[in-house]
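Here is a short briefing on one protein model. Look at the structure, then work through the points below.

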Amino acid sequence: GQLTGIRLPLQAHLAGLANGWLGCIGVALIAAEGLARIGAGALPALSVRRWTPPERWGLGFLLGWGIAGLAVLGVAATGLCIPVVLATVTVALGSEHRYAWCRRSVVLEALRSSGRMSGGAVALMGVAAAGVLWAILPALSVPESHVDAMSYHLAFPWMLLQMHRLPIGHVPYVFHYALPIDAAYVLPLAVGDDRMAKLMEAVAFLAANSVCLGSALRGRARSFAWLGLILVAGITQMPLLMSSSKNDVAAAAMLVAGALATRRGAWGLGAGLMGMGVAGKLVLAPLAGFWMLVHVSPRLWPVAAGILAIPFAPWSVAAYAAVANPFPLLWQLKTSMWGPENSYAYWAFNAGLRWKWQPGVVLANWLSEVTGAQPLLLPLLPGVLQVRRLPRAVLACIAAQLVTVQMLPEARYLVASNWLLLLLAAEGMEGSPAGVRPGMCWLAAAVAAARLAVMP
């Protein structure tokens with residue numbers, strides 16, 4: 001109204017906002033249910049384990065998202081990337097298993113099963129979820145404006161819809177990265193509201209924590225569920241990333257869910273999910289590698305590595321066909337589409353990524369990044385290391401963090417490893433003496449909630 005001089009009554013403004021949000025949330029709920037059904041149908045092929053309803057929804061949603069992203073790549077490679085074909089392929093992906101036409105909602109079934117927890121635990125999880133929603137609601141209510149999202153996280157799927165095919169020539173070189181998570185954004189862009197892409201990131205956060213909830217229901221680890229959610233929500237970068245269509249949260253959620261599945265012995269499913277997370281965010285490769293090394297038998301390492309590479313392989317083939325380089329980030333492109341200026345700019349960018357091993361600097365950067373992300377993490381780790389079966393997982397996360405900090409010392413690249421460490425810390429509190437466990441949990445929860453409340 002300020003720009004056009006047209007004044008609308010307050011009722012019209014509120015009606016427009018409500019209509020936009022109701023439609024956006026409705027489509028997001030349909031996506032949460034539809035992608036979960038696609039993924040739930042693939043679960044038996046990757047694991048023979050029985051999953052609780054929260055685990056089934058969380059794993060199914062994240063797996064379905066990755067499958068949908070790979071399907072979009074295939075459709076775009078044929079030049080048929082139009083909404084009608086995309087909708088047909090999506091329906092076909094979810095119609096080959098018993099969950100496809102089941103009358104029971106996968107989402108509602110997961111919510112009902114949370115009633116098996118004590119009332120206090122459910123209430124605390126509700127408070128934590130409401131606090132997270134309150135923190136990110138202002139950013140969720142406006143269209144995307146982050147430069148990374150506008151330049152390729154949303155620009156790549158938008159280009160797919162505009163061209164109806166895979167863009168190859170005369171495009172930013174980031175379009176040649178593996179983008180299975182971002183390719184699925186054709187769904188919100190096709191209905192004309194990029195806020196739904198932000199909601200999908202927020203739902204991915206809930207999905208990974210739903211897998212944690214399912215594990216807690218099986219093992220009767222009540223504080224593991226609600227305390228883990230509060231601790232993870234308090235990671236400094238989490239509210240910002242959850243309210244953006246950047247793929248950091250979705251990639252981290254896939255890796256966390258895969259890691260939790262691997263701990264249950266479903267290493268094939270875990271490797272597939274972690275591979276999707278790595279495909280979306282290559283910087284997560286050290287965490288996936290170290291985690292599989294300590295949780296998978298050495299004789300199965302080659303198979304696990306192959307499964308990890310499957311989600312990345314089609315994108316490497318597409319990149320090689322476009323620029324004669326399967327990994328555009330790692331070395332010089334070979335393409336006639338670039339002139340001398342492009343080549344020099346690319347060389348200068350890569351020159352800044354030439355790493356020197358400096359243990360003191362790496363350790364100082366690691367301590368700074370970890371304490372800045374969640375001050376409670378380091379004080380909780382010594383207790384976690386005393387719990388049987390947890391030290392290997394903790395050491396795998398820390399080793400991956402040190403490698404990541406050495407490569408790219410940026411806090412958002414540690415979100416997945418911090419997420420896992422905080423879940424392990426919450427699980428470790430279950431092993432503390434019964435007399436001090438409630439006090440420790442409440443103290444940690446109070447500090448984490450206070451931190452979340454004062455976040456800008």
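Start with alanine 40, which sits in helix 1 (residues 10-46). Helices (H or I, at least four residues) and strands (E, at least two) are DSSP runs, numbered from the N terminus. The model is predicted: local features need pLDDT of at least 70, side-chain atom pairs count only at pLDDT 80 or more, and totals for chains, interfaces and linings use all residues. Residues are numbered from 1 along each chain as its sequence is written, and side-chain values use heavy atoms, with hydrogens and water left out.

**Alanine 40**
- Alanine 40 is buried, with a relative accessible area of 1%.
- Buried means under 20% relative accessible area, exposed over 50%, and partly exposed in between (1.4 Å probe, protein chains only).
- Its C-alpha atom is 7.2 Å from that of tryptophan 57, which is 17 residues away along the chain.

**Whole protein**
- The protein has 23 helices and zero strands.
- It has 456 residues, and 52% of them count as buried.

**Nonpolar core**
- The largest nonpolar core holds 134 residues.
- Such a core is a set of buried Ala, Val, Leu, Ile, Met, Phe, Trp, Tyr and Cys residues joined through side-chain atoms within 4.5 Å.
- Phe61, Leu62, Trp65, Phe205 and Trp419 have the most contacts inside it.
- Contact means heavy atoms within 4.5 Å.
- Leaving aside neighbours within four places in sequence, tryptophan 419 touches residues including Phe205, Val232 and Val256.

**Glutamate 144**
- Glutamate 144 lies in the loop between helix 5 (119-140) and helix 6 (147-153).
- Glutamate 144 is buried yet has no salt bridge.
- A salt bridge is a side-chain nitrogen of Lys or Arg within 4 Å of a carboxyl oxygen of Asp or Glu.
- The nearest side chain of opposite charge, lysine 198, is 4.7 Å away.
- Lys and Arg count as positive and Asp and Glu as negative; His and the chain ends are not counted.

**Salt bridges**
- The whole structure has eight salt bridges.
- Arginine 37 forms one with glutamate 33, with the closest N and O atoms 2.7 Å apart.
- These two are separated by about one helical turn, because they are four residues apart in helix 1.
- Arginine 412 forms another with aspartate 248, at 2.9 Å between the closest N and O atoms.
- That pair links distant parts of the chain, 164 residues apart.
- Both arginine 412 and aspartate 248 are buried.
- Asp148, Lys246, Asp248, Lys281, Glu410 and Arg412 are linked in a network of salt bridges.
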